[in-house]
Amino acid sequence: MNNYSRFSSDELLDILALSPNATGVYTSRDIIIQYANDAMLNFWGKSTAVIGLPMQLAIPELEGQPFIGLLQDVWETGITYEASDTAADLLVKGKMSTFYFDFVYRALKNSEGDVYAILHTATDVTERYLNQQVLKNAKKTQQQLTREQALNEELNNAIEELRASNEELNETQFKLQVLNSELEDRVDRRTKALAESEANLRNMILQAPVAIGLFAGYDMVLDVVNDKFLELWGRERSVIGQKLEDVLPELKDQPYIKIMQEVYTTNVPYIGREANVMLNRNGHPEQGYYNFINQPFKNAAGETTGIMVVAAEVTDQVLAGNRIKHSENRLSAMVMSTPISMAILEGHDMVITVANHSMLDIWGRTSEQVLEQKLLDVFPELIDQPFPKMLDEVFATGKRLAISEIAVDIVTPETTKHLYVNFSYDPLFAADGQVESIMVSVVNITDAVEARKQLEQNEAELQVLNEEISAANEELAATNEELFATNEELNETQHDLQRIINELETSEGKLRYMLADAPIAIALFTGRDMVIESANKKALEAWGKDSSVVGKPLHIALPELAGQQFLNLLDNVFTSGVAYNGNEVKALIEQGGKTEEVYSNFVYHPLKDSKGATTSIILVASIVTEQVKARKEVQKAEEQTRFAIEAANVGTWFLDVETREFIVSARLKEQFGYRADEDVSYDMVVAAIPEDYKERVLKAVERVISTGGDYVMEHPVIGHDNQKKRWVRAFGKLYPNESGKLTHFSGLMMDITEQKEDEQRKNDFIGMVSHELKTPLTSLSAYAQMLYNKARNNDDGFTLNALEKVNAQVKKMSAMVNGFLNVSRLESGKIFLNMHAFRLDELVNEMIADANLTIASHSISVTTTEAISLTGDRDKIGSVISNLLSNAVKYSPRGRRIEVACELLGNMARVSVKDEGMGVKPNDIEKIFDRYYRVESTHTQTVSGFGIGLYICAEIVQRHDGRIWVESEQGEGSTFYFTLPVN
Ligand code: ADP
C-alpha cells in the first residue's frame, strides 16, 4: 500500500465522485462503462443508466467521432492517450452541442502488466459551465457521503469483532499449548491418572468454542473431533474412527492432509493463515479461508501418535479484506494518475498526506518534499495569500468551498509561478462528524485565462479605436449626406440638361433634315415683303426654281403668283398672326417655260417675336398634284363606268368581308323589288331568293369569301314589291383594299329574265318536240325490227344490211331525243334524284361489262381498288359513266385503249375515264361542260352530237355535291374525272 492507502475504497470513490474533473472507467475492447462520475455523465448528457453498457450503445452520437476508436487502441496497446482542446459533439439535453476537452485515456495495468481498465479523465475547457454543475452535484454527493460513512463505520465494527474473535482464538490456542505441555508433564509424572485426565481433556476439547480435533496415526484417523469441527466440515459425529481422506474426499487434491502427515513425520508444528480450503458443505463445494495450527501429538513415551488440529474459519474477514485491498489499489492508482491536481490536508496543521502527480507538478515539488509536512512549512508564501483562511473556514464550517479563476503565486526554488486556477476545498469527515481533512482539487486554467485576458485587452483597445472611428465615421457620414444631396441635385440637373440637349440635338437634326430633304416643301419668308429666307429642295422643286430665289421677295422670285390668292393669304397671316391651312389648293407655277398645275396641302404658320408681332411666316406644304390628278382620273373613269352600268341596267353590290357592311346600287335594289331610296340589307336581298336556290347562292358567296375565286350564279328572284319571279345572273369576286388585302366582295347583277324566258320557251319546245318525236320513233324502231326479222327469214342480204343501218340510226336518234328530253327536264327542274346507298365499284364494273358487250372498236380496261359505298342516284351516276365512255369511244381512233379507274381518295370517291384520243384544247377545257357546247373541229363535224352529254353529266355530278373536270393534252388523249362524296 502507498502512503495514500489510509482511505477506504468508498472514500476514494467519493473523492473521485467529488472531483470537478470528469472521470470514467472502462473495460474490455467493447469499452464497457464501469464507472463514470457525475462530471463525466454531464459531459455526455447521460444518466447512470449508461453504466454497464458499451460506449457505442450508451453514447450513440459518438458514431463518426474518433473517441471509441482511440479507447480501443488504448485497450489493445496499453499506451496512454492524451489530447488537449479536442472537440466532441455530444447530445446534451436533447441538443447536439460541441464541447472542448483536455482528456487522458490512461491504461491501468495489474502487476502482470495487463490492462485491466482504462481511466478516462477529461477537463472541459469550454469554461465555467461545468463548475456550476459540479457544485450542484457535489452537494448531493456529500449527503451520500455522510450516509455511506455511517455504513462504513458498521463495516469497521464488524471487522473489529472478527479481529477480536481471532485474538480469542489465538489466546485459546496459546492456552491449549500450555495445557498440552502440562499434560505431557503430568503423563511423565502421573501415568496412573492418565485415563481420567484424558477423559477430561477429551470433554474439554469436545466443548471448546473452536474446532479442535485429534487425528491418529499417519492415516489421520479421526480420534477426537469436537462439534465445532464437525460443524465446520458439515459432517455428522458418525464419521469418528474413519480416515480423514475418507471423511473429506474433497481434500484429496488439496495440500492439507499432506501437511498434517508431514507434521506427523517431522514433528514440526504448522501454522496456516487464511488458508483457502474447499469443502463440500451443505451439498455443494464451498471455498473457505481458515487459520489453523497442526501440532504433533505425543504419548507418554514421547512418541508421536497423531496430530492435533485447531482451526478457525476466517472466510468473511479475508473476503472483505481482499475486496478492500483490490479496490484500494485500483482507486489509489486512479487518484494518483488523474490529471486534476489533488491533495489531502489533514488536521488544522494542514499536514499534506496525499498529493497526486498533477498537484506535485503545480507545486513544483517532489512527494518527498511535501508529504507529511505542514502546508505552510512547505509553502510559506501562502501565509499572505487568502488560502489558509479559507481552509480554516472549511475546517470550522464543514462546508465545501469552490472558487473559479483565482490567481495563485507558487514559489519554487527556481522561479515564482503566477497561476490561475479553479479550485475546490472539500471537507472529509471523521466518524464523529468533525472535519478530519480537506481534499484540495485544483484545475490549472492559466492558459485559458491569459488567452482570454489578452483577448479582453485587445477588445478594449479595439473598443477605443472603434469609438474614435465611429466618431470620425459619423462626421464623414454627415458630410457625405450633404455631398450626396448636392450630388443628386447636380445629377438631376445634369440629367435634365442632357435630356434637353438630346432633345434639342434630335429636334435640330430633324429640323435640318426636314428643311433639306423632307418630302414636303418647307420655306421661310421674312418681313411683310415675304423675303425667301430659306427653302428646301422640295419647295424649290415645287416652284420649279433653283436656290437663286433665296434672299428675294416671293413676288419677285415667283412672278406668276400675281393674280393668284397666295400673296394675299400670306399678307393676311402676317397682319393677323393667325395661321392659314390650305387643302388641295391649285397653284399655277412656271416650270421650265410651261405653266403647270401644282396642287398642295399647306400651312402658313406665323412666327412671332417676344411682343407677339409676326416677324416671319413658315410655309409647310405637301405637294399632292399626282394624287389629285390621279383621283380626278379615277373619278372620271368611275363616273363613266357608272354611266355604262346604269345604261346597261346592271346592279352592283359591295360586301365588306370583315365588317359585313353591305352596299347595293339603286338598280340592284330595284332588281330585288325594293325602292331605290330604301335601305337594303344583305338579309333583305337573301330573302328575295326562292328557297330552292337560297342555299346554293349562300354557299357560293361563302366559298368566294373564304377561298377567293369567281362568283358566277344564275338564279331567280321573287320581287319584294309584286312577288313576281325574275331571273338574274351575277358575276363577282374579291377585291383588295388600299393595302392590298382582299377585303370586299363585289360584282354586277344583270336581269336575264327575258333571256331565261326565251330559253324556257325553247326548252319547252324541245321537250315537247322530243316527246312528240318519241312515239313515231318507237313505232319506226318496231317496224324496222319486224322488217329485219322478215328479211332474215327470206335471207334477203341487202334488206338485212339496210335495216341494220336503219336500226343504228334509230338508236342514235332516240339517244338524241332522250338527251333533249333530259335537258328540258333539267332546265325546268324536273329531274329528281332517287337517292339510295350503293356500291360505286360494282356499278363501274357493271357499266364496263355492258360496254364491252357492244363496243368492239376499243379495248376497255377497269381498275377498282376497293369496295366504295355511297348514297346517290345509281341510274344517273351510271348514265354519267356511260356518257364518258361513249365520248371516249367517239373522240379516239379505233383500236385505242380506254382505261377506267374507281378509287377512294379521303372521303371522296373518284372515277376516271382515260382515252388516247384527240384531247381537248386548253381554251375548250372550261367550256365543254356548258350546254350545247361543241368543240369546233373537222373531227367533231363528222361526229354526231349536240353538246349536251357533258352538260347533263356535270349537272348530275354537281347535284350529288361532286365535281367533274377534264385533264387533257391535245393529240395525246383526255382523262375525264368526277368525284362523289362518300357517306
Ligand atoms: P357531244 O359529244 O354530243 O358533242 P358532249 O357534251 O358529250 O356533246 O361533248 C361536248 C364536246 O366535248 C364534244 O363536242 C367534244 O368536242 C368534246 N369532247 C367530249 N368528250 C371528249 C373526249 N373524250 N375527247 C375529246 N373531246 C371530247
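In this predicted model, helix 23 passes helix 24 in a left-handed crossing. Helix 23 covers residues 753-793, and its axis comes within 8 Å of the axis of helix 24, with the two crossing at roughly 155°. An angle over 145 degrees counts as roughly antiparallel, so helix 23 ends up roughly antiparallel to helix 24. Sorted by class, the residues where helix 23 meets helix 24 come to 17 nonpolar, twelve polar and six charged.

Helix 24 (residues 797-827) and helix 29 (residues 949-959) have axes that come within 10 Å and cross at roughly 40°. Helix 24 and helix 29 are therefore oblique to each other, and their crossing, too, is left-handed. On the helix 24 side, the contact draws on G819, N822, V823, L826 and E827, while helix 29 brings in Y951, I952, E955 and R959. Split by class, this contact between helix 24 and helix 29 holds four nonpolar, two polar and three charged residues.

Next comes the pair formed by helix 25 and helix 26. Helix 25 runs over residues 840-854 and helix 26 over residues 874-890; their axes come within 10 Å and cross at roughly 45°. That angle makes helix 25 oblique to helix 26. The crossing here is right-handed, whereas the one between helix 24 and helix 29 is left-handed. Helix 25 takes part through L840, E842, L843, V844, E846, M847, I848 and A851, and helix 26 answers with R874, I877, G878, I881, S882 and L885.

N887 places a polar side-chain atom 3.0 Å from an oxygen atom of the ligand. K890 does something along those lines, with a polar side-chain atom 3.1 Å from a ligand oxygen atom. With D915, the ligand atom involved is a nitrogen, which sits 2.9 Å from an N or O atom in the D915 side chain.

Notes:
Residues are numbered from 1 along each chain as its sequence is written. This is a predicted model: local features need pLDDT of at least 70, side-chain atom pairs count only at pLDDT 80 or more; totals for chains, interfaces and linings use all residues. Side-chain values use heavy atoms; hydrogens and water are left out. Axes are lines fitted to C-alpha atoms, for helices over the stretch in contact, and angles run from 0 to 180 degrees between N-to-C directions. Helices (H or I, at least four residues) and strands (E, at least two) are DSSP runs, numbered from the N terminus. Angles under 35 degrees count as roughly parallel, over 145 as roughly antiparallel, 65 to 115 as roughly perpendicular and the rest as oblique. A crossing is left-handed if the near helix is turned anticlockwise from the far one by less than a right angle, and right-handed if clockwise. Contact means heavy atoms within 4.5 Å. Ala, Val, Leu, Ile, Met, Phe, Trp, Tyr, Cys and Pro count as nonpolar, Asp, Glu, Lys and Arg as charged, and the others, Gly among them, as polar. A polar contact is a pair of N or O atoms within 3.5 Å; within protein, one must be able to donate a hydrogen and the other to accept it, and residues adjacent in sequence count only if both atoms are side-chain atoms.
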